[in-house]
Amino acid sequence: MSQDGDGIDLETSLGYLLKEASSALRAAMEAVLRPLGMTMTHYSCLELLAQRPGLSNSELARGTFVTRQSMNVLLQALERDGFVTRATEAPVGKVLPTQLTASGRRSLARASAAVRSVEQRMLGGLSEDQQVEARRILRSMVGALRDG
């Protein structure tokens, strides 16, 4: 219980626990990505492009939870380093679709293996059924907050 009685009890607050878990997960992922020369945003961008080739700067920014400006800076660096290519002219409207290069796919494969190892470590104490239930519960919470 908080000292003034009006706050939330951090020991029982699900929101606080989720934030703590998120922070621990991000730190662990950053630790395995750093030796690969990547950040979480860098990795997330490559993963999104692998699963949804041709996404625009705005779509990538939304998918990685950063501003369009930050994503534009990242995409310029990824393009300069040979991990992605972007059309010089928009096929439709103003959107410049982005694609992974072979080098980007190789880099992503190494990063994905590192990230999977962190997720496996995080879930190591749960049975398969508990893992399925945890995913279901978390999806339900996200849905409730987005729908409300």
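Reader: Where is F65 placed?

Author: F65 is in the loop between α3 (57–64) and α4 (68–80). Helices (H or I, at least four residues) and strands (E, at least two) are DSSP runs, numbered from the N terminus. Bear in mind that this is a predicted model, where local features need pLDDT of at least 70, side-chain atom pairs count only at pLDDT 80 or more, and totals for chains, interfaces and linings use all residues. Residues are numbered from 1 along each chain as its sequence is written, and side-chain values use heavy atoms, with hydrogens and water left out.

Reader: Why is F65 called exposed?

Author: Its relative accessibility is 72%. Exposed means over 50% relative accessible area, buried under 20%, and partly exposed in between (1.4 Å probe, protein chains only), so F65 counts as exposed. F65 also has a positive phi, near 65°, in a residue other than glycine.

Reader: And what makes S107 buried?

Author: S107 has a relative accessible area of 5%, so it is buried. S107 sits in helix α5 (residues 102–123). Leaving aside neighbours within four places in sequence, S107 is in contact (heavy atoms within 4.5 Å) with M38, L46 and F83.

Reader: How do you know that the buried residues of α3 line one face of the helix?

Author: The buried ones are N57, L60, A61 and T64. Seen down the axis of α3, they fall within an arc of 100° (taken from the directions from the helix axis to the C-beta atoms), so they line one face. What covers them includes α2 (40–51), α4 and β2 (98–100).
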